[in-house]
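Dear colleague,

Please find below the structure that I am handing over to you.

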Amino acid sequence: MNVRMAEEKDIPRIHELLSQVAMVHHRGRPDLFKYGQRKYTDEQLKEILHDPKRPIFAGVDENDCLQGYAFCIFQQHLNDNILTDIKTLYIDDLCVDESKRGEHIGRTIYDAVLGFAREQGCYNVTLNVWSCNESAMRFYEKCGLKPQKVGMEVILDA
């Protein structure tokens, strides 16, 4: 498994994996996530691929076929009233093809993200995970992540 920066040639495969993530979220929270939708259009993906503040890591096999990805975003709150100026690399989305899970692809991509964040002078790496995605929560805990903050809700009767 090799990890490189994603390229435009990866867009069809990225869409396949984005669809897998969308289905996990739809199954877990159909009240929030639409069925069969994609997170990004081709144009939006092309824009992200060329934005240095939003690196996308691609885990590729020996044939250079994308098997997993990590969408990331640099975050920094310069001169904020209460937050320090630390530089964060936020993982917006990490996915491994359902048929390839358990082969340590996710861990390989995650480790590449950590190395990149260190090289870029980041203080930390953060992410959000939906509580209905228990397998992702277990994966992140095994990688050493700990809760930073917790989002909570109450669903109101109509």
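A crossing of two helices is called left-handed if the near helix is turned anticlockwise from the far one by less than a right angle, and right-handed if clockwise. Helices (H or I, at least four residues) and strands (E, at least two) are DSSP runs, numbered from the N terminus. By that convention, the crossing of helix 1 and helix 2 is right-handed.

This is a predicted model, in which local features need pLDDT of at least 70 and side-chain atom pairs count only at pLDDT 80 or more, while totals for chains, interfaces and linings use all residues. Residues are numbered from 1 along each chain as its sequence is written, and side-chain values use heavy atoms, with hydrogens and water left out.

**The helix pair**

On the helix 1 side, Ile11, Ile14 and His15 meet Asp42, Leu45, Lys46 and Leu49 of helix 2, contact meaning heavy atoms within 4.5 Å. Four of the residues in this contact are nonpolar, one is polar and two are charged (nonpolar: Ala, Val, Leu, Ile, Met, Phe, Trp, Tyr, Cys and Pro; charged: Asp, Glu, Lys and Arg; polar: the others, Gly among them).

**The cores**

A nonpolar core is a set of buried Ala, Val, Leu, Ile, Met, Phe, Trp, Tyr and Cys residues joined through side-chain atoms within 4.5 Å. Buried means under 20% relative accessible area, exposed over 50%, and partly exposed in between (1.4 Å probe, protein chains only). The largest such core has 22 residues, of which Leu89, Ile91 and Val113 touch the most other members. Among the elements giving two or more residues to this core are strand 3 (66-76) and strand 4 (87-96), but helix 3 gives the most, with seven residues. A second, separate core of 17 residues includes Ile14, Tyr40, Leu49 and Tyr69.

**Two loop residues**

Glycine 36 sits in the loop between helix 1 and helix 2 and is exposed, at 57% relative accessible area. Aspartate 97, in the loop between strand 4 and helix 3, is buried, at 7%. Leaving out residues up to four places away in sequence, aspartate 97 touches Arg13, Leu17, Gln20 and Gln67.

With kind regards
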